[in-house]
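Let's take a walk through a protein model together. Have a look at the sequence and the structure below, and keep them at hand as you read.

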Amino acid sequence: MFGLFKKAPKLEMTFTPTTAVARELAKEVAVAGELVVRNVGRDVQLSDLEVVLVAGGTRRIDLELPASWKGPQRIPGGGELRQTVAWSVRL
């Protein structure tokens, strides 16, 4: 009964790009910037993080997470994970 009133953690994920280049002839996209996962709720334990690039509205491309983010992550309330990332993806 008490589990019905338990609030889920609130997470916000933002990506602030510093570089974004599309090479049409090579069918390649290169993106670099800062990736942030912010916890605006209670303490949370994350086990499966995934970052996805959506290309053309229908194509889903999995992106590699930063090495320090692999495995279980604990984010305290008000805390965040922050990492500078760079991806180059062939479409």
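## A hairpin to start with

Find Val-54 and look across to strand E5: its bridge partner there is Arg-60. Keep in mind that this is a predicted model. Strand E4 covers residues 51–55 and strand E5 covers residues 59–63. The two run antiparallel and are joined by five bridges.

E4 and E5 make a hairpin, with three residues between them. In that turn you'll find Gly-56, which has a positive phi of about 75°.

## The three-stranded sheet

Next up is an open sheet of three strands, in the order E1-E2-E7, with antiparallel pairing.

Now zoom in on E1 and strand E2 (residues 28–39), which pair in the antiparallel sense over 12 bridges.

The structure holds one aromatic pair. Phe-15 and Trp-87 form this pair, with 5.8 Å centre to centre and 40° between the planes, so by the cut-offs of under 30 degrees for stacked and over 60 for edge-to-face it counts as tilted. The pair links distant parts of the chain, as Phe-15 sits in strand E1 and Trp-87 in strand E7, 72 residues apart.

Trp-87 has 13%, and because buried means under 20%, Trp-87 counts as buried.

## The nonpolar core

In soluble globular proteins, nonpolar side chains tend to be buried together. Here, the largest nonpolar core has 14 residues. Leu-35, Val-51, Trp-69, Ile-75 and Trp-87 are those with the most contacts inside it. Which elements give two or more residues to this core? They are E2, strand E3 (44–46), E5 and E7. The largest share, four residues, comes from E7.

Leaving aside its neighbours within four places in sequence, Val-51 is in contact with Met-13, Leu-35, Ile-61, Asp-62, Leu-63, Leu-65 and Trp-87.

Note on methods:
Residues are numbered from 1 along each chain as its sequence is written. This is a predicted model: local features need pLDDT of at least 70, side-chain atom pairs count only at pLDDT 80 or more; totals for chains, interfaces and linings use all residues. Side-chain values use heavy atoms; hydrogens and water are left out. Two strands pair if DSSP finds at least two bridges between them. Rings of Phe, Tyr and Trp (its six-membered ring) pair if their centres lie within 6.5 Å; planes under 30 degrees apart count as stacked, over 60 as edge-to-face and the rest as tilted. Buried means under 20% relative accessible area, exposed over 50%, partly exposed in between (1.4 Å probe, protein chains only). A nonpolar core is a set of buried Ala, Val, Leu, Ile, Met, Phe, Trp, Tyr and Cys residues joined through side-chain atoms within 4.5 Å. Contact means heavy atoms within 4.5 Å.
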